[in-house]
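I opened the model to look up its sheet, its helix packing, its pockets and a few backbone details. My entries follow in the order in which I looked.

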Amino acid sequence: MSTDSAHGRALPLADDHGRLAADDHGRLAADDHGRLAADDLERLAAGAGAAVRVEITGRAGVGRSSIVAALGPVEGAELVESAARDRPGFPDPALTGEIVVLVVLDPPRDVDTTAATEAADRLLPVLAKTDTLADPDSALDRVTAAVQAPCLPVSTVGAGAGVPRLRQVLEDRVRAVKAARATELLARLRTRADHAETGAFDDFLTTDAGVRLVAQATGLADPPGDAPSRAEYWRSRMNTGDAPDALRAALALHRHAAREWTRRA
């Protein structure tokens with residue numbers, strides 16, 4: 001590769017949430033000769049693939065800790081329980097998660113609608129303890145209307161009815177966040193390459209980190225199974241006559257699975 005990070009400035013790395021950092025004009029840095037450094041490209045790609053911060057928030061007693069315990073590990077995510085909201089004498093914690101799971105009890109309160117507004121498009125509301133309600137459907141409608149977003153019901157029985165659905169939705173959201181990061185990074189790298197040398201970027205796309213980043217940008221979930229079976233699945237998707245975007249996504253995921261297969265062989 002025709003780059004050398006030892007003679008220039010490092011590219012800005014991702015921030016604490018894995019989002020791409022850039023200068024005040026949205027540009028990526030390069031060395032004094034306009035070249036993109038291989039090591040920095042790999043670090044940027046790693047930042048785009050970092051764990052997504054999922055914040056579990058809500059009033060005291062709504063079951064935040066129970067939700068965290070019932071969920072267990074969520075692939076690609078870091079679950080963080082915030083301090084309780086609406087505590088007398090204490091300010092409500094700022095919502096800093098890339099995904100905000102707002103745990104609500106029926107009836108919803110003003111503090112819940114305030115949190116929902118703050119979270120905006122990061123919001124994933126959950127109606128907890130639905131097994132204790134006389135009319136769960138009506139309660140779900142009330143909470144959904146209050147927070148102005150579709151709400152998932154979760155009970156307190158055992159591991160919690162509704163928890164598998166919540167985990168699936170979270171995994172989908174996590175993939176979407178990572179896909180947005182990867183798409184943003186690839187777009188900015190292409191812009192940088194257009195104004196510098198394209199060789200470094202083209203070379204990067206052939207590396208493990210580059211192949212993984214392009215696959216991540218598709219936002220699609222791999223089927224279960226080992227690398228050979230996943231590679232074969234995506235190869236079959238390449239022969240379906242789907243739209244060009246779908247075929248490109250299948251190719252990207254096939255290359256990623258095949259690369260993993262080769263590394264482990």
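I began with strand E1 (residues 52–58) and strand E3 (residues 99–104), which run parallel and are joined by five bridges. Within this pair I found Thr-57 opposite Leu-102 in E3. I took helices (H or I, at least four residues) and strands (E, at least two) as DSSP runs numbered from the N terminus, and I let two strands pair if DSSP finds at least two bridges between them.

I noted that this is a predicted model, in which local features need pLDDT of at least 70 and side-chain atom pairs count only at pLDDT 80 or more, while totals for chains, interfaces and linings use all residues. Residues are numbered from 1 along each chain as its sequence is written, and side-chain values use heavy atoms, with hydrogens and water left out.

I then followed the open sheet of five strands, whose order is E2-E1-E3-E4-E5 with parallel pairing. Its edges are strand E2 (77–81) and strand E5 (152–153), each of which pairs on one side only. Helix H3 (residues 110–119) lies across E3 and strand E4 (123–127), and runs at about 170 degrees to E3; here contact means heavy atoms within 4.5 Å, and angles run from 0 to 180 degrees between N-to-C directions, with axes fitted as lines to C-alpha atoms, for helices over the stretch in contact.

In the loop between E3 and H3 I located Pro-107, which a cis peptide bond with omega of about 5 degrees joins to Asp-106. In the loop between E2 and E3 I found Asp-86, which has a positive phi of about 65 degrees although it is not a glycine.

Next I looked up the helix pairs. H7 and H9 pack at an angle of about 145 degrees with their axes 8 Å apart, and the crossing is left-handed (the near helix is turned anticlockwise from the far one by less than a right angle). From H7, Asp-208, Val-211, Arg-212, Val-214 and Ala-215 meet Ala-252, Leu-253, Arg-255, His-256, Arg-259 and Arg-263 in H9. This contact divides into five nonpolar, one polar and five charged residues, where Ala, Val, Leu, Ile, Met, Phe, Trp, Tyr, Cys and Pro count as nonpolar, Asp, Glu, Lys and Arg as charged, and the others, Gly among them, as polar.

The axes of H1 and H7 come within 10 Å and cross at roughly 35 degrees, and H1 likewise passes H7 in a left-handed crossing. Glu-42, Ala-45 and Ala-48 in H1 meet Ala-209, Leu-213 and Gln-216 in H7.

Last I turned to the pockets, a pocket being an open set of points on a 1 Å grid over the protein atoms alone where a 1.4 Å probe fits, with protein on both sides within 12 Å along at least five of seven lines, and lining residues having an atom within 4 Å of a point. The largest pocket holds about 700 Å³ of space, a volume being the space filled by probe spheres set on the points, which are joined across faces, edges and corners. Of its 25 lining residues, Glu-75, Arg-175, Lys-178, Leu-220 and Asp-222 lie nearest its centre.

The second largest pocket has a volume of about 260 Å³, and among its 14 lining residues Arg-190, Val-214, Thr-218, Arg-248 and Ala-252 lie nearest its centre. H9 gives the largest share of this lining, six residues.
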